[in-house]
Amino acid sequence: MRPARLQGAPQPRARHASLNEALERAAVSGRRGLTFVSADESETALGWDEVRERASRVAGALADLGVRPGERVALVLPTGPDFMDAFFGALLAGAVPVPLYPPVRLGRLPEYHATTARMLRLSDAAVLLSDGRVGRLLGEAVLRAGPRLGLRNVASLRESGASPIARPADPGALALVQYSSGSTVDPKPVALSHRAVLAQTDALRALMPDDTPEDPQLGVSWLPLYHDMGLIGCLLSALTYPGPLVLLGPEVFLGRPALWLRAFSRHGGTMSVAPSFAYAVCARRVKDEEMEGVDLSRWRLAMNGAEQVSVEAARRFSDRFSRWGFRPSALMPVYGLAEAALAVTFSPPRAPLRTVPVDPVALAREGRVLPGGRRLASVGIPVPGVSVEVRTESGTVAPEGVVGRIYARGPSVMDEYLGQPEATRAVLDGGWLDTGDLGFVQDGELVVCGRVKDVVVLRGANHAPQEFEDALDGLAGVRAGCAVALGFVPPGGDGEELLLLVETTADAGPDLVDRIRAVVAERTGVRPHTVQLLVPGTLPRTSSGKLRRPEALRRWATRTLYPPARVNAVRMFGEVLRSALALARARPRPAPEVET
Amino acid sequence: MATETQVLEAIRTIARTELEMERPISPEDDLLRDLALDSLGLTVLAVGLENRFRVKLSEEDAAGVQTVADLARHVASRTEAAR
């Protein structure tokens, strides 16, 4: 058996020394820049020369304010010209932009304040930039975190009359800090140098099929810009290219997904990158009448990543939209993580979707890849400059076809979690990044099939399991501290969903599942897909009593999550019998039910 | 200008067609607890109402809005103010 070690093509030669230099070049390139699409489909164009000019004014104002080179400048702004002013303004001031996510309409503000304050503190931001509308909601977080120069309105900085500046940046200097998306309990600031970010955009460029001046690559994205995929994969890729990019705010897409597809058609878009759920949402919610006159035939690359790729959702998308010219070969599963700047592997562009049929039970139980009824998407081979290894528990490289932990190494891997040496050491060793994901190599390509790190990825956003587990605190019927939150991909579903395994007490009551669903939705904003009640002692623990989440998921998936035998041997026997019968009938059935 | 009844009807339509909810929606329902709307669901609902009634809902609007009736009243008063 060949060892599960994959090597990408050589890293292409660096095109730019820093993002600052890339912006200077884009500004004089004469190429088309950014277009912002609003909810009524009106558009605002912003050329790269304008981006640079406005940013240099903000940079001057930041310098006057006292922002020093290398200091962090946090920004909370919706997708629009103000975001560009703040992000590139920070860079041209020699500072380090830290994009944070804006609050959700009708959303939960107390949690938002707490998380934003924590992110401001962790990145040691000197100042927070926002606009008049969102800025009104940031006072609380600013008060708690106390950035040295407070909260500033980016439009006022731009119009302050300060002399424009454009400081150069050292290739090895910190370029930006991005949070691994959405994780609120334990956010980790990923520190990326100019060199690392540019190594990533160079690698992505090398993977794009050739284009011509008459037929340039054109991305259309609704992804948030505080997330690696939107920021590096879309915005900074377009900057370093340099070329056009059409941007919609995430709320524009969520409000009416058809607007994304219509923007593709209007602009002749060729390229997208989005999580699995976005393609699923389009297939379900876009109506025929919204697609009148739409032509998707120029769409060449529909990258699908940021969460486990659902083969079924991808197929539903291409089936639904082939009528409007969408080509199935455009679908392209990709794999990456914020700690590697963005991409680790890419499936080959313009090739049919490659899937591996696996037996999910053998996969979870023995970590072996045997043919079966579940199709997993191959995420391809490492992007240029990147090496990937799948390692066994003992740390040796696994053979092909055996599940292990995925490690990645390359020039775009982060330097560190900013100011967190211990957390950094836990994932970086000798240049190798422990992704915390599980996968295997089959026929020279990587397949991602699970996760060992304690993270639930929903709609492309990372969540710590504690977010959901803590929401159950004090709920009558739930054994304190005896619940685990996990992510899993239901067969035929759109992507990863939330699973809660909950041990119960005597006063559980018949409505406990409903109450759990309600309290989790209310406190975390996520609706659990499956709530499984368990008798006390069922969840696996370490010898020191810590819950073993990945093991709990493995047992649940293989239907071996049994209560301790001494609790009720008779019922357990019945359970085994029923399991055996069900298997004999070869019918899919849910995990063992447990009376409470 | 829209009445609360019209907004309520719109909330029901959005819930059925865009949020794919099967349960009936009553004015007393709590947006988070009863309808279990997550951040994506809230955004879909807010943007849906904005598009229908030509109003702008802000993040701050969350403060006084707990139930479906609160939201209907809030949107209706906004359309009033926007006249």
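**Sheets, a buried helix and the chain contact**

In chain A of this predicted model, strand β4 (residues 72-75) runs parallel to β5(A), and 4 bridges join the two. Within this pair, A:Ala74 lies opposite A:Val98 of β5(A). Helix α3 (residues 81-92) of chain A packs on the sheet and touches β4, β5 and β6 (125-130) of chain A. The direction of helix α3(A) makes about 145° with that of β5(A).

The pairing of β4(A) with β5(A) belongs to an open sheet of 4 strands in chain A, with the order β5-β4-β6-β7 and parallel pairing. Its edges are formed by β5 (96-99) and β7 (151-153) of chain A, each of which pairs on one side only. From one strand to the next, the twist averages 30°. In a regular strand, side chains alternate between the two faces of the sheet.

Antiparallel pairing is found elsewhere in chain A, where strand β14 (residues 331-336) and strand β15 (residues 343-346) are joined over 3 bridges. These two strands form a hairpin with 6 residues between them. In the turn of the hairpin, A:Ala341 has a positive phi of about 70°. A:Tyr335 is placed opposite A:Thr345 of β15(A). Strand β15(A) is also joined by 2 bridges to strand β17 (residues 374-382) of chain A, again in the antiparallel sense. Here A:Thr345 stands opposite A:Pro382 in β17(A).

Helix α12 (residues 276-285) of chain A is largely enclosed by the rest of the structure, because 7 of its 10 residues are buried. The buried positions are A:Ser276, A:Phe277, A:Ala278, A:Tyr279, A:Ala280, A:Val281 and A:Cys282. Their packing partners in chain A include two helices, α11 (258-267) and α13 (311-321). The buried residues of α12(A) also pack against strands β12 (271-274) and β13 (301-304) of chain A.

The contact between chain A and chain B draws 22 residues from chain A and 22 residues from chain B. On the side of chain A that touches chain B, α10 (250-255) and α17 (512-524) of chain A each contribute at least two residues. Helix α17(A) provides the largest share of that side, with 4 residues. Classified by residue type, the side of chain A that touches chain B consists of 10 nonpolar, 3 polar and 9 charged residues.

Key:
Residues are numbered from 1 along each chain as its sequence is written. Chains are lettered from A and ligands numbered from 1 in the order in which they are written. This is a predicted model: local features need pLDDT of at least 70, side-chain atom pairs count only at pLDDT 80 or more; totals for chains, interfaces and linings use all residues. A residue is buried if 20 or more other C-beta atoms lie within 10 Å of its own, exposed if 12 or fewer, and partly exposed in between; C-beta atoms are placed from the backbone. Two residues are in contact if their C-beta atoms, placed from the backbone, lie within 7 Å. Two strands pair if DSSP finds at least two bridges between them. Axes are lines fitted to C-alpha atoms, for helices over the stretch in contact, and angles run from 0 to 180 degrees between N-to-C directions. Ala, Val, Leu, Ile, Met, Phe, Trp, Tyr, Cys and Pro count as nonpolar, Asp, Glu, Lys and Arg as charged, and the others, Gly among them, as polar.
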